[in-house]
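User: I would like to learn how to read a few computed features of a protein model. Please show me the model and take one feature at a time.

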Amino acid sequence: MTVGVSGPPATAAAPPVVPRAGGAPSGISTLANKLTTPWGISFLRGRKAALVTERDTGEVWKISLDGSKKKVGSVPNAVWHQETQDKGGLLGVAVSPTWNGTTDQDVFFMETTTKDNRVVRMRFNGTALSGYTPILTGIVRDTQHNGGQIAFGPDGYLYVTTGDAQKSKLAQDKKSLNGKILRITRSGAAAPGNPFGTRVYSYGHRNPQGLAWDRAGRLWETEIGAEAWDELNLVKPGRNYGWPTCEGSCSASGMTNPKMVWKPDEGGVPAQIAIVDNVVYASALSGRRLWRIPIDASGQSVGRATAYYNGAYGRLRALAKVPGADQLWLGTSDRGVDKDLLLKVTIK
């Protein structure tokens with residue numbers, strides 16, 4: 001299945017764009033099994049392994065490139081309840097870019113507690129997690145729309161996606177932490193150079209899920225919409241991405257339109273993204289496939305999107321590029337206790 005996109009969001013009738021990108025999935029295999037809704041993946045510098053969070057259990061695994069896995073601890077206070085459809089829990093993870101297990105043991109998580117969504121810092125020595133220091137609290141929580149992705153950018157600051165907590169007006173309120181992409185320091189303070197002098201980097205987001213930077217350092221983001229459109233956005237500081245005034249593309253003054261849109265029931269509900277060789281890869285929940293979306297020569301738009309593994313593995317969520325390799329780690333989602341997989345996708 002392909003979806004054509006060029007310039008403004010479009011459907012399959014859009015003219016193709018010649019991409020400045022290469023590679024495509026050439027193989028997929030099971031790397032690890034017996035996981036329960038893996039949500040976040042972050043690689044440990046120099047250790048040929050990653051930390052992987054489980055949303056439902058609050059537990060964290062260290063998984064090596066050979067697929068071996070070891071439980072290294074849990075993040076206190078994360079809550080998730082199937083009975084109440086409270087879909088918060090333990091979400092994103094971001095290992096410090098200078099982590100070495102000794103002088104720098106910092107690892108960051110985003111979690112939904114009984115009171116709020118929050119970013120916390122813990123220590124990881126290569127074997128076990130310890131400590132627990134909240135660095136950013138008070139992000140409004142809900143049963144849905146919690147955002148949850150965190151990642152260090154090329155600038156060394158931590159980027160955090162927050163949902164609107166089903167209170168759509170918060171997305172347009174620049175004083176609120178919700179419905180935003182935040183840019184913070186390791187202590188949780190506003191990063192220097194933020195557009196409003198606060199933690200807010202961009203606003204007007206409904207439920208942002210994925211973050212990744214291309215080889216020119218541009219930030220791309222996936223976002224779950226409501227009934228009409230899901231989005232792939234090129235995020236720039238201070239921009240307003242429209243929600244709730246706009247869902248998908250619109251002509252409202254001051255709004256920034258997405259670079260690609262999906263219909264939720266036609267391969268959409270994108271979760272996370274990773275970029276390999278200037279190609280955006282996006283996992284899809286309801287869409288149950290992996291999307292390949294080449295960034296065009298201008299770096300400001302994308303070419304025609306192609307779907308892989310449609311329905312083969314169920315709902316797909318966690319996604320990360322393997323450092324130093326043209327490979328992705330891709331997690332299945334919501335299969336049940338100990339029934340999810342971590343897949344390895346080779347790009348050639």
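Analyst: Start with charge. Lys and Arg count as positive and Asp and Glu as negative, with His and the chain ends not counted; each charge is placed at NZ of Lys, CZ of Arg, CG of Asp or CD of Glu. In the protein chain, the mean positions of the 42 positive and 29 negative charges lie 5 Å apart. This is a predicted model, in which local features need pLDDT of at least 70, side-chain atom pairs count only at pLDDT 80 or more, and totals for chains, interfaces and linings use all residues. Residues are numbered from 1 along each chain as its sequence is written, and side-chain values use heavy atoms, leaving out hydrogens and water.

User: How many disulfides does a search of the whole structure find?

Analyst: A disulfide is a covalent bond between the sulfur atoms of two cysteines. The search criterion is a pair of cysteine sulfur atoms within 2.5 Å. One is found in the whole structure: Cys246 is joined to Cys250, with an S to S distance of 1.8 Å. The link of Cys246 and Cys250 is right-handed, with 45° about the S-S bond.

User: Is Cys246 buried or exposed?

Analyst: Buried means under 20% relative accessible area, exposed over 50%, and partly exposed in between (1.4 Å probe, protein chains only). Cys246 has 4% relative accessibility, so Cys246 counts as buried. Cys250, at 24%, counts as partly exposed.

User: What share of the residues in the protein chain is buried?

Analyst: Of the 348 residues in the protein chain, 58% are buried.
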